[in-house]
Amino acid sequence: MGLSEQQMWAISATERVCSTISLIGTFVIVTTFIWSTSFRKPINRLVFYASWGNIMANVAAIIAQDGIHIGVDSALCQFQGFLIQWFMPADALWTFAMACNVYLTFFHKYNSEQLRQLEWKYVLFCYGIPFIPAFAYFFVKTQARGRIYGSAILWCWVAIPWDFLRIALFYGPVWFVISLTFAIYFRAGSVIYQKRRQLRNLGGIDPFDSDLVSSISPFATLAGIQVTREIACYIPEQRSPSSGGPRGLPSASFKPYSVTIQGGSSGDVPLGLEHSSRPTPCPLQKDGHARTGRGDLDSVSQRRSIATEASSAAWAYTKYAMLFFIALLVTWVPSTINRAYSLAHPDSVSFGLNFVYAIYLA
């Protein structure tokens, strides 16, 4: 059972409205990236590159059923099918590229410059791989099945006689990439959780524990956060003879320090850690009292401050990365369900599934 003209019109209108909204959002991303240097962090650079593929996919969705109405052999229909086959899987590949950045940063300590050197490889990978079958489909035609690009009900894409290619070279690879992305985020998420617990307990750890502070670097590298840590001057403590220590020497247990965590103006600013294990006395004023700078803050308060800021940075990046993955699932789950329904019921077309498919994939 097919769809009525009203149902087809409703699906086409939904495709165009949703694609137009998506185009507006994509243009905002592109414009913001071009004009705002503070937006050019490593993960945002990948979003910028992925936005161009989204623009082309939205253009294909806006064409809707016009290509079918003109004719499946028309240039418009063939062009629409080519755009869908090329750029829609690229979206999943770019999400995987973001996950690769997470993996390389967390487990191989890549910095922002090393990640930037990989970007041209990501471009070739995400746009080059899906281009191969999309371009090859132009030249395949048989008497029994006809051209590969043809009517796919909602738009011109892989025609129904070639339906097996949708699974083999579209949905199958996409879900394989989604599985890899999930595995990376799951592994990185467990590390984030462990580090966040350690950072929450930082107040009870030696403030000069550089191993723990350096664990912030994965979040800082990807989120554009700059961490500066330095030893502040100490105030010499005058001890009485009864205290067990020589007069005029500083207490060995007092280790004041200062920490600054700030957002970098660019994602290309590497993480800065300044560490010194030899605190120096504060300079004396005219009245003989020590002049203190930012290091005269209470050490416990400072440790709590760095724990809070670093933990917030870690958690913020976790949510940021997971939002991309959730968006990927929201996009592909309805379309996959619709495809599975079509395979199970080849003679039936579900208006509801196709309508939801048009909303999320457009």
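**Figure 1. Helices that line the largest pocket of this predicted model.** Five helices, α1 (5–35), α2 (42–63), α4 (75–108), α10 (299–344) and α11 (351–361), each give at least two residues to the lining of the largest pocket. Helices here are DSSP runs of H or I with at least four residues, strands are E runs of at least two, and both are numbered from the N terminus. The pocket has a volume of about 600 Å³. Of its 24 lining residues, Ser22, Asn54, Asp91, Ala327 and Thr331 are the closest to the centre. Sorted by class, the lining holds 15 nonpolar, eight polar and one charged residues. Nonpolar covers Ala, Val, Leu, Ile, Met, Phe, Trp, Tyr, Cys and Pro, charged covers Asp, Glu, Lys and Arg, and the others, Gly among them, are polar. On a 1 Å grid over the protein atoms alone, a pocket is an open set of points where a 1.4 Å probe fits, with protein on both sides within 12 Å along at least five of seven lines; lining residues have an atom within 4 Å of a point. Points are joined across faces, edges and corners, and the volume is the space filled by probe spheres set on them.

As a note for all views, residues are numbered from 1 along each chain as its sequence is written, and side-chain values use heavy atoms, with hydrogens and water left out. In this predicted model, local features need pLDDT of at least 70 and side-chain atom pairs count only at pLDDT 80 or more, while totals for chains, interfaces and linings use all residues.

**Figure 2. Helix α1 and its buried side.** The 31 residues of α1 should span 45 Å at 1.5 Å a residue, and its end C-alpha atoms are 45 Å apart, which agrees. The expected span is 1.5 Å times one less than the number of residues. Buried residues of α1 include Met8, Ile11, Glu15, Leu23 and Phe33. Buried means under 20% relative accessible area, exposed over 50%, and partly exposed in between (1.4 Å probe, protein chains only). The buried residues of α1 pack against α2 and α11.

Figure 3. From first C-alpha to last, the 22 residues of α2 reach 33 Å, close to the 32 Å expected at 1.5 Å a residue. Because 17 of those 22 residues are buried, α2 is largely enclosed by the rest of the structure. Ala64 sits in the loop between α2 and α3 (66–70), and has a positive phi of about 55° although it is not a glycine. Ala64 counts as buried, at 0% relative accessibility.

**Figure 4. Ile153 in a loop between two strands.** Look between β3 (149–151) and β4 (156–158) to find Ile153. Its phi is near 70°, a positive value in a residue other than glycine. With 26% relative accessibility, Ile153 counts as partly exposed.

**Figure 5. Ile84 and the residues it touches.** Ile84 belongs to helix α4 and counts as buried at 1% relative accessibility. Leaving aside residues up to four places away in sequence, Ile84 touches Ala60, Pro89, Trp155, Cys156, Trp157 and Phe170; contact means heavy atoms within 4.5 Å.
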